[in-house]
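User: Got a model open here and I'd like a quick tour. Can we go through it piece by piece?

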Amino acid sequence: MDKKLTINDIAKMSGVAKSTVSRYLNGGSVRPSTGQKIKKIIEENNYEPNVFARLKAKESRVIGLTVPGFDSVTTPRLVEVIVEYLKKNDYTPLIMHTGNKIAEEIRSIERLKNMNVDGIMVLATGSTKEYEEVVEKLQIPILFLGQRFPGANSIINDDYNAGYKIGEYIGKKDFEEVYLLWVSKEDPAVGGERQRGVIDGLFSCGKEPTEVIETSFFYEDAIHNVEKLTEKLKKPAALICATDRIAQGAYKVLYEKEIAIPDEVSVVGFGDYETGELMRPPLTTVKFDWRNWGESSAETMLQMIQQKPVSMIQVNPYEFIERKSVR
């Protein structure tokens with residue numbers, strides 16, 4: 001096996017000091033001609049810097065990213081875009097999994113800070129007083145994604161207006177009953193803002209939900225809750241689901257019980273997963289531009305590291321996708 005190239009090797013091959021190579025790798029200032037020489041040697045030898053060595057540098061060029069889990073459709077998409085953007089700009093992402101636990105989110109942020117990362121991006125699940133105190137003491141840039149975090153920079157989906165659009169759309173139609181199959185308000189964005197938008201949209205048409213049925217983001221829980229719901233449905237009814245995955249659970253139950261979509265029960269969701277177009281009938285939903293969300297989040301993080309001004313709150317737009325699941 002070939003010996004792995006070291007900073008000492010690169011310094012000797014390019015005829016410069018080891019400190020010059022180190023400065024170049026850490027984003028410091030070197031002469032353009034020297035930088036080109038070092039870059040050529042690195043590329044020709046496929047050199048990969050030691051991340052842990054970089055974490056000891058004044059500027060590590062490592063960015064921490066905490067994620068609650070990878071069991072959703074959106075999170076892997078978003079993380080892939082962020083990672084691609086950071087790597088393209090010569091930053092190394094360091095990902096921590098928090099298991100949907102705020103306490104673990106807080107611990108991960110503290111660990112990342114102690115590891116000398118240049119900035120932290122958080123796919124957040126919510127906030128607490130303790131959490132806010134920890135963030136306030138941080139002396140490095142931190143950016144929250146998906147949740148509006150008090151006093152910190154955040155990039156969020158336009159959950160309220162997307163919810164309002166769906167509520168208004170259903171409210172203008174003639175349904176005996178309108179049910180919301182929704183996640184807990186412990187999730188401030190989907191459980192809070194998105195639900196509030198739906199209810200306000202219904203109210204604007206003189207309607208209100210027959211019942212808000214609490215479920216989780218998981219497909220199996222949606223199936224369980226829709227099975228109970230079908231015992232009391234008055235048709236025609238509408239079922240507004242907090243996500244497309246929950247809507248998929250509704251489709252399964254309604255199909256098995258031979259309840260026709262959309263003639264007897266109409267279904268809408270949020271997310272516009274690829275499977276929505278393949279469902280029969282295709283699912284009416286809301287699309288959030290996750291690629292724009294990922295790229296703008298990564299770019300904002302880099303601007304914060306460079307101490308450039310950025311907006312405290314940025315909102316990722318939505319698009320209403322009308323298909324055939326509503327009568």
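User: Where is arginine 23 placed?
Analyst: Arginine 23 sits in helix H2, residues 18-25. Bear in mind that this is a predicted model.

User: Is arginine 23 buried, exposed or partly exposed?
Analyst: Partly exposed. Its relative accessible area is 36%. Buried would need a value under 20%, and exposed one over 50%, so arginine 23 falls in between.

User: How far apart are arginine 23 and arginine 111?
Analyst: They are 25 Å apart in space, C-alpha to C-alpha. In sequence, 88 residues separate arginine 23 and arginine 111.

User: Now the largest nonpolar core. Which residues touch the most other members?
Analyst: Ile170, Trp182, Leu239, Ile240 and Val267, out of 44 residues in that core. Elements giving two or more residues to this core include helix H8 (159-171), E6, H9 and H11. Apart from it lies another core, of 21 residues, with Tyr91, Leu123, Leu143 and Met304 among them.

User: What is leucine 239 in contact with, leaving aside neighbours within four places in sequence?
Analyst: Its contacts are Tyr179, Leu181, Val226, Leu229, Ala250, Val265, Ser266, Val267 and Val268.

User: Ala250 again. Which residues of H11 are buried?
Analyst: Asp244, Ile246, Ala247, Gly249, Ala250, Tyr251, Val253 and Leu254. As a rule, residues three or four places apart in an α-helix point the same way, because there are 3.6 residues a turn.

User: How many residues does H11 have, and how far does it reach?
Analyst: H11 covers residues 244-256, which is 13 residues. It reaches 18 Å from first C-alpha to last, close to the 18 Å expected at 1.5 Å a residue.

User: What comes just after H11?
Analyst: Glutamate 258, with a positive phi of about 55°.

Notes: Residues numbered from 1 in each chain as written. Predicted model: local features only at pLDDT ≥ 70, side-chain atom pairs only at ≥ 80, totals over all residues. Heavy atoms only, no water. Helix = DSSP H or I, 4+ residues; strand = E, 2+ residues; numbered from the N terminus. Expected span 1.5 Å × (residues − 1). Buried < 20%, exposed > 50% of the residue type's maximum accessible area, 1.4 Å probe, protein only. Core = buried A, V, L, I, M, F, W, Y, C linked by side-chain atoms within 4.5 Å. Contact = heavy atoms within 4.5 Å.
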